[in-house]
Each structure stands twice: as structure tokens, then as C-alpha cells.
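The sequence and coordinates come next, followed by the notes.

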Amino acid sequence: MTTTRDWLLSDRPASRRQAKLGQSYRTWLDFRTNALAFLGLLIVVALVLMAIFAPWLAPHDPLVGDLNHTRLLPPLTEGYWLGTDDQGRDILSRLIYGSRITLAVVALVAVIATPVGLLVGTTAGYFGGWVDTVLMRITDIVLAFPKLILALAFVAALGPGIENAIIAISITAWPPYARLARAETLTIRNSDFIAATKLQGASSLRIIWKHIVPLCMSSVIIRVTLDMAGIILTAAGLGFLGLGAQPPQPEWGAMIAGGRNFLVDYWWVAAMPGMAIFIVSLGFNLLGDGLRDVLDPKRQK
Amino acid sequence: MFHSRLLASAALGALLLGATPAVTFAETPPDTLIQAWSIDDIISLDPAEIFEFTPAEMAGNSYETLIGYDPMNVSDVFGKAAESWTVSDDGKTLSFTMKPDRTFASGNPITAEDAVFSLVRAVKLDKSPAFIIGQLGITPDNVEDMIVQTGPMTFDFKMDKAYSPSLVLYCLTATIASVVDKQLVMQHEVDGDYGYGWLKTNYAGSGPFTIKDWRPNEAVIMERNPNYSGDAPAMARIIYRHIPETATQRLLLEKGDIDIARNLTAVDIAALEDNADIKIENGVKGSLYYLGLNQKNEYLSKPEVRQAMKYLIDYDTIANTIMAGKVKVHQAFLPEGFLGAVNDNPFSLDVEKAKALLAEAGLADGFTVTMDTRNTPEITAMAQAMQQTLAQAGIKLEIIPGDGKQTLTKYRARNHDIYIGRWGPDFQDPHTNASTFAYNPDNADDAASKPLAWRNAWDIPELTAETDAAMLEADADKRADMYVDEQKYVMENGPFVIYAQEIEVAGQRANVNGMIIGPSFNDNNFAGVTK
């Protein structure tokens, strides 16, 4: 074990691979010292595991309840540890299955919005001039709308549903990444190594993709991780307004909306999914904070 | 320093003063009845236009119709503004005599002139409820020849056919047949509008209460009518407060800030049951909850599938859990309390039978179908419960939520698969529901009349003819039998899964007595309320 560690921490790496792995290991060690960030990572990992193993973890069917016998049972009832909702469904099972929806939304939004943001930002930053002006004004226009309101408008136009909610959130999520990528690009576009690559005859596409995008990645990843909590909240907000996931899907926001009618007498129907959203958002925020600390190259060691 | 201390003590004193009323019990004044209700459906206070639930109740307490019925026994019909009537031998003319020596709230006498004016005005204005009179063959063009004053206190009401007398009389108990004060209304006439612009927000009637003020989405204030001919009500004032949130209504009721809460949910009712300060009053309403199955859908048009759907609703469970206290199971298109209503409920949840029926239709593996669902908590909860039971037979129900306007617009254009809805009768005669559930004179997309049978594209020439015949049947027993047959046929074959009848619930403070909850909203009566 110690040999692996020594190999990783060697200050004279023998290969590129060793250097890369060593760098990653150092980052990890750095990250591990931050207790809060580590807690965030644990929450996110737990969420992922919960989503993967949902069918084995959930004690009951999330979609089928027994109206006559298990309706609105309080938490800590045997077999229904988080209580049941107004359809007699087990809230714990619904939360577990709901983690799949939440995770899918977060992952898909990240996969759709990040490349778009990166592409727009780096292109604008690299070319400058009218390309920059046009792309950034479009970005400004999208940024000028409040996120949730814009997402609402898109969902209203596309029709309610989880797929449309993902598309709508993605449409509203990319501009900050474009901004960020452009700023990063501006600082490096006039560097010597870019000029050298140009002299060697590399195309603009190659320069952007091979030399600029990798350098923007770390700051964008941090930003995406920090935004995940916001994405979860937006998705839950759409679900709450009836425009996201549709019944009987156990989307957390929709579950809160359903429980709102019973808030006075049966607080847990709305409180449990609320807690879930709170914990997961917190997890992503802590993780994002920690990542920013370890990935920021300008940070003082 | 001195000043600031003075200021501080003054502020403290003000705070204490301000806090005092909160400490004492916030009781309502003894001669005022305060109700919390969602009154945002009011668009007009003119009886010729009122077609919504809440203004119908207000009109019922402030106007007098020609004829009334006992809300506890609907078949007991008596004159309200009219004293008596006779039916001509050919059955086409009713001759009314008005009650003598009575006055409107304004002090003007009530005469046959006012009654004729009110009916002619309603037909000429031709607002939403005008068809109630119009279906008797009275149009804006011929109304002046059909409804004619024959003396100071008498007038004739003529029709184009000899309609069943009970149908005609029930039509004249509807809000649209309220007698309005001609003299007062015509003082406010603008460009021959029959005072419509003025009466929309004002009052010209003769009921136990007068409508003093209507502030949209805020309040309606009614006051005792000093010129009312009957017993003067004990309450000097009735105030309706617009409070849309049911939880807020419940809290206000618990605190004693209001006397009656009108929109309590099943959860609220259960929670208030043990409260000694509060009692729950209820009354069976005529409104029905049903599913409309569009016959344009390839699956739903199969008769076996329609039957199977009726075996896949857990009627009792819905009525006992989600809607506990707010509905009762009912499956015929005439609500309980109507002439000829069928009150036995042959269908119950039977998954095996439904599966067999689906297999017969060649759909043993089920199918996928959508349901347009209004996004109110109760409708959504019922839709989800149905989604679960339908899934047991392999029918995948996709819920498409929308607000009331969206879902209704789609339904009216018959672009739905399934629509989950609520239907309220327009007047107390069975024809009101028969003419919509069992009547479809033209199933073409551009048909002029669009009853519920049309909205679900159910082509029924024979049944339509039967409904027309029942409308003209003079013998009440024979007529009732005709409606029983129609209901049984619709129950077995129709594209309607009728599953519940509404029960109206009013949470009242324990000291409130005498509110009558009638079968329709204009029957809810506050004249006898004491506290």
C-alpha cells in the first residue's frame, strides 16, 4: 500500500500517466481534509446508490397504495417509517424512487447545458468581434429573464412533463457557463502557446477544442456542481406547480405539492420530500464548494 | 434621552393597546352571519345572467321566483311570487295570478307587470341561463306574444308544445325566473339594455335579504329586507368573505372569526369532527362526478371496454377516503332526489370481471389512454386513485393536468380521451340531465346543440327520441318510468362512468342554527338562521 502511495506522490514521475494520477491523488488528499466537502460527497454518492438500487431498497411499490388501510399513516409506523401519503403510498419508497428522477434531471441538464455553454462561450471569446457581440447579446437576453419564470414559459409552451422540464431547465441553465467560458478564454487566447499552435497551422476548431476547452473545464465543472442544487430546486419548483413530472411519478416537488393540502393535519406528507430536497441540495452545494477549493489553480496553498 | 424614553413608552403603550383585541375572543356580532367562501365565480348579480354556484345562492336569498319548492321535499311545489296558476286544456298555456299587496325592497308594489317584464327581459337579454325558458319554445322574437299580461295581477305563459307540467313549473323555480322590480330597473336603463348594466352590480328584488354591496374577490354584504312579506329574518346582515384557502377557512372557524366555513375539505371535516365548538351540517346536492369516455377513441368506443371501465372504479373507497363526507356513491344520471332517479348502484370494483370484458373486446393486454384532469386537489386525488385501479386490469391511464378552462375547452371540442368532470343540474326537473346525458340530436362535429352525449361523440338517435317524448309526458308516474329506463340504458351502455353525487358541507359554529342546505345552490337558505 505504501508503495502505491509513494509512487503516486513521487516528485519525479517517470511517465505522463504517473504525473496525472499523482496530481489527482494530491487533489483527493486535499479534498479529503475538508470535512464539509466530504460530507457533501457522501450525500451525493448515497443519492446515486439510492437511485441505482431503488428496486431493492424500497420496501413498497411507490405507485400503488392501499386507500382503505394505509392512508396518511404517521411516520415511524411499522413498515412505513416515513409515513404514507393521501393515496396510501409509502413515502420512503416514493422518495427512493424519486431520487432517480432527481438524478436524471440533474445529469441530463448538466449534459445538455454544459457543452452548449462551453461552446458558445469559447467561440465568442476566441473569435471576438461581431461573433462575440452576437453570441454574448443572445446570452444576455436569456440571462435577463428570471430562471424559473423562463422555464415556466417554456414548459407551458412545450406541455407539462419531465422531459420538457429538463429541456426547459437546460435552455435557462447554459448562459452562466457561456459567460464563464468566455472570460476564461479571453485570458488565454493571446497566450504564446495558442499563438504557437496557430503557427503550426491548427484550425480554430482544434484550438478551441484541444487547448481552450480543457483549460475552461475546471471552473465550469465547479460552477455546474454549485448549480446542481439550483437545478434540483427549479425541477422541484416546476413539479410543485404541476408542470414537471406528472402523477403518479414520485417527483419530490410534485410530492410536496400533493402534501400541501394536508399540511395542517398531516405535516409529513409535504415535509419528507422537502427534507429530501434540502439534504440533496445541501450535498451538492457542499461538494461544489469543496471542489472549488481544491480545483482553483489560483488559490493560495 | 428623555425624549427617546418617552417615545419608547408611548410605543410600548400603543403596542399593548394594539394587542388587547387579539387577547379577547374575536366573536362575530350577534345579528350578523359571517361566512367564508370562495366567491370568485361571481360575474354578475343579475338574475337573468346568474348561472354560477355562489351568486345563485345569493339570488336565492334576495329574490323571489314565481314558484318555489320545499328544499326538503322537492316534489312539493308552491307559489312564491305567484299565488296560483291554471293549465289550459291543450296544456300549452299557464295562467298565473300574483299574490296581492306585496312590495319590493324598494317599496314598489309587485304586480303581474313586473313578472312579465322579468321573464321577457331574461329571454331578450339571452344570457347563459336563457335556454331554461327558451327550451319551452320561447324565443327573443316571439316572447312578447308568448308571455302576456292579462290583468293587473294576472298573466299568461304560452308554450309551443304541451310540455310536461312539472317540467314547466320547475323551469319557473330557477333563478332566471326571479321577479325583478320593473320600475327600479327601468330607471337605470341605458340604450334599451333593460337595466342590464346596472343590475349586474345592484339589486332590485323582494326576498328576505337585500344585496347591499359586492366587492369582487373580497366580499358580498346582504342586509335584512325591511319590506319582506314573510317573517323577518333574525339576522340583520349576512357577510360573505372571499377566502379561497380552505385551511384558512378552517382556522378562522376554529377561532370564531367566522360563523360558517363553506369550502372545507374531507381532511378538515375529519379534523373538526371532535371539536365541540363546531358542528358539520350537510345536504345532498344535485351535482354528479363522472368520467366522460370519448367514443372517437378506438378503445373506448368498444361496448365491453365501457363496461369494464365501470368495474374498475373503486366507488366505495373513493367516497370513504379521499372524498369522505363530501360525496356519496351514485351511478345513475339523475341525482338522488329527482323524479325517477335510480338509486341502486350496480357497479363496484371487480378486476376479474373487467379483465374478462377486456379480453372479450380483444384487449386482454390492456391499452394506454389519457385523461384530462382539472388540477384541483380533489379531482387530482380521485384521478390518481382511478389510475391505480385501472392499472390492475392493464389499462395505463395517463393524467394530463390543466386548469379548469384548459380541460373544459378541450372537452367541449371533444378532443379528449377521458374527461373527469362534475355536472350540476340547471333546474330540478329530470329533463335537465336527460337532455344532456341521453340526448344527442346531431353527432356531427359542427352540431348546433352540444350536450354531454355529443361531447363524448355518443350517437343515440333512439334515446334522443325517448328524451323528447319524456319531455312531453303529462303523467308523472309514466314519465318517471321513462327516465328509469333511460338511466338503466345509459348505466349499462353509455360512455359515462358516473361515480358519485356531491354532498355540500358547511362547518358552523355550534351556536348557529337554521341554515337550510338545499339540493341546488339557490335553495340554500339563510332566512331562518339564528345564533
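## Notes on the model

A:G129 is found in helix α6 (residues 129-144) of chain A; helices here are DSSP runs of H or I with at least four residues, strands are runs of E with at least two, and both are numbered from the N terminus. This is a predicted model, in which local features need pLDDT of at least 70 and side-chain atom pairs count only at pLDDT 80 or more, while totals for chains, interfaces and linings use all residues. Residues are numbered from 1 along each chain as its sequence is written, and chains are lettered from A and ligands numbered from 1 in the order in which they are written.

Is A:G129 buried or exposed? Because A:G129 has 8 C-beta neighbours inside 10 Å, it counts as exposed. The cut-offs are 20 or more other C-beta atoms within 10 Å of a residue's own for buried, 12 or fewer for exposed, and partly exposed in between, with C-beta atoms placed from the backbone. Between A:G129 and A:V269 there are 55 Å in space, C-alpha to C-alpha, and the two are 140 residues apart in sequence.

In helix α3 of chain A, the buried residues are A:A37, A:G40, A:V44, A:L47 and A:M50. Seen down the axis of α3(A), these buried residues fall within an arc of 150 degrees, so they line one face of the helix; the arc is that of the directions from the helix axis to the C-beta atoms. A:A35, A:V45 and A:L49 are exposed on the other side of α3(A). The buried residues of α3(A) pack against α2 (16-32), α4 (54-57), α5 (91-127) and α12 (268-295) of chain A.

Chain B has three domains in its assignment, whose bounds come from an automatic or database source.

| Domain of chain B | Residues |
|---|---|
| domain 1 | 26-46 + 57-63 + 207-277 + 510-531 |
| domain 2 | 64-206 |
| domain 3 | 284-503 |

The C-alpha centres of domain 2 of chain B and domain 3 of chain B lie 34 Å apart. Their contact (C-beta atoms, placed from the backbone, within 7 Å) takes 15 residues from domain 2 of chain B and 13 residues from domain 3 of chain B. On the domain 2 side, helix α6 (residues 165-171) of chain B gives the most, with five residues.

The contact between the chains takes 16 residues from chain A and 17 residues from chain B. For the complex, the predictor gives an ipTM of 0.77 and a pTM of 0.81.

Conventions
Contact = placed C-beta atoms within 7 Å.
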